[in-house]
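Reader: I have a chain to look at and some questions about it. Could we go through them briskly?

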Amino acid sequence: MSPLSLYGEIIASRLMLGTALYPSPEVMRQAVAAAAAAVVTVSLRREGAHDRAGQTFWTLIQDLGVRVLPNTAGCRSPREAITTAQMAREVFETDWIKLEVIANDDTLQPDVFGLVEAAQALSADGFKVFPYTTEDLGVAERLLAAGCEVLMPWASPIGAGRGLINPYGLRAMRAYFPGTPLIIDAGLGAPSHAAQAMEMGYDAVLLNTAVAKADDPVKMAAAFAKAVEAGRLGFEAGLMPERDMAQPSTPVAGTPFFDLNHA
Amino acid sequence: MRIVVNGQSLETDAATLADLCADLGYGDAKIGTALNGAFVPASRRADTRLRADDRVEILAPRQGG
């Protein structure tokens, strides 16, 4: 597969994995390994002084040897997202930020107005912003103008597992921004969804629930890794054009019992 | 004075954000801090004075999607 470059850095895997919802930290560690993920997402949350779960988690992540992409999950305003991003930059020692500004509790859809505002501020402050957005092309253009060099459109709502619910819109987005790294973030439920996104030419996929909530998360991580590789190779190989009518693959010339009189 | 830390009201004598983190027992824990919605870098906690009704956030690494 051709290499993936994000903000000038070569990333060894096109499958990015979340670290939440696993049955145990050990299963999470094994899933990240099975996925061969090079980037994992993390967050910041309130923690009591004597509850050192955060330190334990951070040590586990560091031992994975992968790059972390902190998120601003749960933030509902640009100000909350900007402050959370600033804290994440210090704690996780990275200027990468998966920018989420959430508009609605039921759909967890992005507040695209707040998203653009926060992306502008964070980009100006030196962050490398990975905005969780929709497939809306106008919003995408504003995010690029704000300084984003990567876009992360949803496939379907976070945790829904419904796959690419607007394949037309996602195909249009891929065609409209041929040179921009595009990562499908959220809503993938099955390895075939990941393969579909990669066959469309998406540069990578980011998922969490589909792996973490599988009966066997480690096996599912491996399944997604194979799907991402298959989809990418298929895209690079070039898919055949679809046709409305059948066309035989076996040569017609020399067909037995063929009679021109009955053709 | 009373302040709010991570959404919980508490009484404190801490003069600065650094004092508060130490009094609460965070020690050398890897944390990020904010005061009244604005980020406070670790290097500024000792200079950041607390006032009554201040709202402090103290965050630590956690799993994320």
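Reader: Is Glu236(A) buried, partly exposed or exposed?

Author: Buried means under 20% relative accessible area, exposed over 50%, and partly exposed in between, with a 1.4 Å probe and protein chains only. The relative accessibility of Glu236(A) is 36%. So Glu236(A) counts as partly exposed.

Reader: What kind of model is this, and how is it numbered?

Author: Residues are numbered from 1 along each chain as its sequence is written, chains are lettered from A and ligands numbered from 1 in the order written, and side-chain values use heavy atoms, leaving out hydrogens and water. Local features need pLDDT of at least 70, side-chain atom pairs count only at pLDDT 80 or more, totals for chains, interfaces and linings use all residues, and the model is predicted.

Reader: Which residue meets Glu236(A) in a salt bridge?

Author: A salt bridge is a side-chain nitrogen of Lys or Arg within 4 Å of a carboxyl oxygen of Asp or Glu. Here the N to O distance is 2.8 Å. Both residues are in helix 9 (residues 217-237) of chain A, 4 residues apart, so about one helical turn separates them. The partner is Arg232(A).

Reader: Is Arg232(A) buried or exposed?

Author: The relative accessible area of Arg232(A) is 8%. Therefore Arg232(A) is buried.

Reader: Where does Tyr202(A) sit?

Author: Helices (H or I, at least four residues) and strands (E, at least two) are DSSP runs, numbered from the N terminus. Tyr202(A) has 0% relative accessibility, so Tyr202(A) counts as buried. Its place is the loop between helix 7 (191-199) and strand 10 (204-207) of chain A.

Reader: Which residues does Tyr202(A) touch, leaving out those up to four places away in sequence?

Author: Contact means heavy atoms within 4.5 Å. Arg232(A), from the salt bridge with Glu236(A), is one of the residues touched. Others include Pro153(A), Met173(A), Ile184(A) and Leu170(A).

Reader: Which backbone oxygen lies 2.6 Å from a polar atom of the Tyr202(A) side chain?

Author: Tyr202(A) also touches the residue in question. The oxygen belongs to Leu170(A).

Reader: How far apart in space are Tyr202(A) and Gly231(A)?

Author: In sequence, 29 residues separate Tyr202(A) and Gly231(A). From C-alpha to C-alpha, the distance is 9.4 Å.

Reader: Which residue pairs with Arg89(A) in a salt bridge?

Author: The N to O distance is 2.9 Å. The pair links distant parts of the chain, 36 residues apart: Arg89(A) is in helix 3 (residues 78-92), its partner in the loop between helix 4 (112-124) and strand 7 (128-133).

Reader: What is the distance between the closest N and O atoms of Asp95(A) and Lys128(A)?

Author: Asp95(A) and Lys128(A) form a salt bridge. Asp95(A) lies in the loop between helix 3 and strand 6 (96-99) and Lys128(A) in strand 7, so the pair ties together parts 33 residues apart in sequence. Asp95(A) is partly exposed at 25%, and Lys128(A) is partly exposed at 23%. The closest N and O atoms are 3.1 Å apart.

Reader: How many salt bridges does the structure hold?

Author: Some share partners: Lys98(A), Glu100(A) and Asp185(A) are joined into one network. Over all chains, the number is 14.

Reader: What share of chain A counts as buried?

Author: Chain A has 9 helices and 10 strands. There are 263 residues in chain A. The buried share is 50%.

Key. Polar contact = N/O pair within 3.5 Å; in protein donor to acceptor, adjacent residues only side chain to side chain.
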